[in-house]
Amino acid sequence: MRIDCEVHTFRREARRTAPVIDGSVELLDGAARACAITGLVLVQPTFLHADATELFTQASRARMPVRLVPPLVQPLAPEILEQWGRSGAVGLALSLDAPDRLAESLEAALQLGFHLEVSSGVEGRERLIEQLLADGHRLVFRDFGLADTIRDPTWDPRLERLLALAEAAEVWVKLSGIGRVPDDWAKAAAARLLKELGPEQLLWGSEWPHVTAAHAYAPSYAQAFGWLEELVPDADARGQILCETPAALYSFRN
């Protein structure tokens, strides 16, 4: 099984601001299969805000195995999180900007075995991240951990902090952000992450279809997949990132 760990799916009419694009699960399924991807992790795009209804509706129509990462932006009753889990959710998308009011929901998520996908960077949040890890949470950081793409990855303090937090911890870093992170920087950062974390702690997400203005109608799914091949030229390491690592984290083997 080869798994894309971050895709978007939604009805065209749900995208009310430009660019208005087709995010149907049928289109996504076809594009993924063309690249021999056989499992998908559906992460709710930010324009859908806190309402996960569209995410679960689209997931119910998927023809290949999917797992879901709905958003946690407001306190939710444990019963709702339990229902989400029965419907395919395995994690929650979380910003670390104001987590205190989410404490009870985070505890319920921990009991359910959900991991947390972090959409904000490490800098200034080290103590909070350390506390979440100490409490037993598993953390996934998107977009190379939102490291500083202006700095050389060999001496980027933000990347240093991320690597320090990830050492001997249940932390994964997602190679994602095509079109937002410079290619040369991404290649250098991926090489360092591979060396210091290994493919056992790395994931890949196409984020397709891309829904921000900068990504209107491009890149294609095939281009996003080709980007991974450029970042991780070693076939064995790339296979681990596409197969074993995400299958275990997202419970595709259950």
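Welcome! The model is predicted, so local features need pLDDT of at least 70 and side-chain atom pairs count only at pLDDT 80 or more, while totals for chains, interfaces and linings use all residues. Residues are numbered from 1 along each chain as its sequence is written, and side-chain values use heavy atoms, leaving out hydrogens and water.

**A negative patch**

- Glu-229 lies in helix 9 (helices are DSSP runs of H or I with at least four residues, strands are runs of E with at least two, and both are numbered from the N terminus).
- On the surface, Glu-229 gathers with Asp-183, Asp-184 and Glu-230 in a patch of negative charge (patch residues have over 30% relative accessible area and no salt bridge, and like charges are joined within 9 Å).
- Helix 8 (183-196) and helix 9 (221-231) each supply at least two residues of this negative patch.

**Salt bridges**

- The structure has 12 salt bridges (a side-chain nitrogen of Lys or Arg within 4 Å of a carboxyl oxygen of Asp or Glu).
- Arg-142 and Glu-6 pair up with 2.6 Å from N to O. This pair links distant parts of the chain, 136 residues apart: Arg-142 sits in the loop between strand 6 (139-141) and helix 6 (143-146), and Glu-6 in strand 1 (residues 3-7).
- Arg-142 is buried because its relative accessibility is 19%, and Glu-6 is buried because its value is 0%.
- A network of salt bridges links Glu-6, Glu-117, Arg-142, Asp-143, Lys-174, Arg-180 and Glu-207.
- Arg-61 bridges to Glu-26, with the closest N and O atoms 2.6 Å apart. Arg-61 is partly exposed at 39%, and Glu-26 is partly exposed at 35%.
- Within helix 8, Arg-192 and Glu-196 lie 4 residues apart, about one turn of the helix, and their side chains meet in a salt bridge at 2.7 Å, N to O.
- Arg-192 is buried at 13% relative accessibility, whereas Glu-196 is partly exposed at 43%.

**Cysteines**

- The structure holds 0 disulfides (pairs of cysteine sulfur atoms within 2.5 Å).
- For Cys-5, the nearest cysteine sulfur is that of Cys-243, 10 Å away; Cys-5 itself is buried, with 0% relative accessibility.
- The sulfur of Cys-35 is too far for a bond because the closest cysteine sulfur, in Cys-243, is 14 Å away. Cys-35 is buried, at 12% relative accessible area.

Terms used
Patch = residues over 30% accessible without salt bridge, like charges linked within 9 Å, V, L, I, M, F, W, Y side chains within 5 Å. Areas by Shrake-Rupley, 256 points an atom, 1.4 Å probe, with all protein chains shown as cover. Lys, Arg positive; Asp, Glu negative; His and termini not counted. Charge placed at Lys NZ, Arg CZ, Asp CG, Glu CD. Buried < 20%, exposed > 50% of the residue type's maximum accessible area, 1.4 Å probe, protein only.
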